[in-house]
Amino acid sequence: MAEHGAIIKHDQKKAPKTGAWRYMHPEVDKEKCIGCGTCVGFCPDAAIIIKDGKAEIDYEYCKGCGVCAEVCPVKAITMRKK
Ligand code: SF4
Ligand code: SF4
């Protein structure tokens, strides 16, 4: 029998702030970002929103995993040491 997935609703305001775990720091190049939202869907901490057509990262929650930089189709996100 096939297994089913689940979507867990995430209440950001009640979530623990995971930003302090961060070793690497994602930076969005707003010139390159095309606002596709791919990074938003992949971020495990729901730390990215699209604002004014560009990705914006909430560093209180971003734990620096680097997934956003990997999935961005135009390489608009660079991971740097904080
Ligand atoms: S580095 Fe990880 S936690 Fe931080 S914004 Fe990117 S995907 Fe989200
Ligand atoms: S995946 Fe890249 S281009 Fe798409 S919204 Fe995120 S930073 Fe911008």
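## Overall picture

Of the chain's 82 residues, 29% count as buried, where buried means under 20% relative accessible area, exposed means over 50% and partly exposed is in between (1.4 Å probe, protein chains only). This is a predicted model, so local features need pLDDT of at least 70 and side-chain atom pairs count only at pLDDT 80 or more, while totals for chains, interfaces and linings use all residues. Residues are numbered from 1 along each chain as its sequence is written, chains are lettered from A and ligands numbered from 1 in the order in which they are written, and side-chain values use heavy atoms, with hydrogens and water left out.

The C-alpha trace spans about 45 × 25 × 25 Å along its principal axes.

## Fold and contacts

You get two helices and four strands here, running β-α-β-β-α-β from the N terminus on. Both kinds of element are DSSP runs numbered from the N terminus: helices are H or I with at least four residues, strands E with at least two.

Now for contacts, meaning heavy atoms within 4.5 Å. Among contacts in the chain with a separation of 6 or more, 68% come from residues 24 or more positions apart.

## The nonpolar core

The largest nonpolar core holds 16 residues, and V28, C39, I48, A55 and I77 have the most contacts inside it. A core of this kind is a set of buried Ala, Val, Leu, Ile, Met, Phe, Trp, Tyr and Cys residues joined through side-chain atoms within 4.5 Å. Strand 3 and helix 2 (67-71) each supply at least two residues of this core.

Take V28: leaving out residues up to four places away in sequence, V28 touches C33, A55, I57, A76 and I77. C33 is buried at 9% relative accessible area, and C39 is buried as well, at 8%.

## Two ligand shells

Each shell below collects residues with a heavy atom within 4 Å of the ligand. Around ligand 1 there are 13 residues, the closest being C43, C62, C65, G66 and C68. That shell splits into nine nonpolar, two polar and two charged residues. For the classes, Ala, Val, Leu, Ile, Met, Phe, Trp, Tyr, Cys and Pro count as nonpolar, Asp, Glu, Lys and Arg as charged, and the others, Gly among them, as polar.

Ligand 2 is surrounded by 13 residues, with C33, C36, G37, C39 and C72 the closest. Its shell has 10 nonpolar, three polar and no charged residues. As for disulfides, a search of the whole structure turns up zero, taking a disulfide as a pair of cysteine sulfur atoms within 2.5 Å.

## Loops and strand 2

Two residues other than glycine have a positive phi. A46 has phi near 50 degrees and sits in the loop between helix 1 (38-42) and strand 2 (48-51); A46 is partly exposed, at 35%. D52 also has phi near 50 degrees, in the loop between strand 2 and strand 3 (54-57), and D52 is exposed at 74%.

I49 is in strand 2 and counts as partly exposed at 47% relative accessibility. Setting aside neighbours within four places in sequence, I49 contacts V40, K54, A55 and E56. The C-alpha atoms of I49 and K75, which are 26 residues apart along the chain, are separated by 17 Å.
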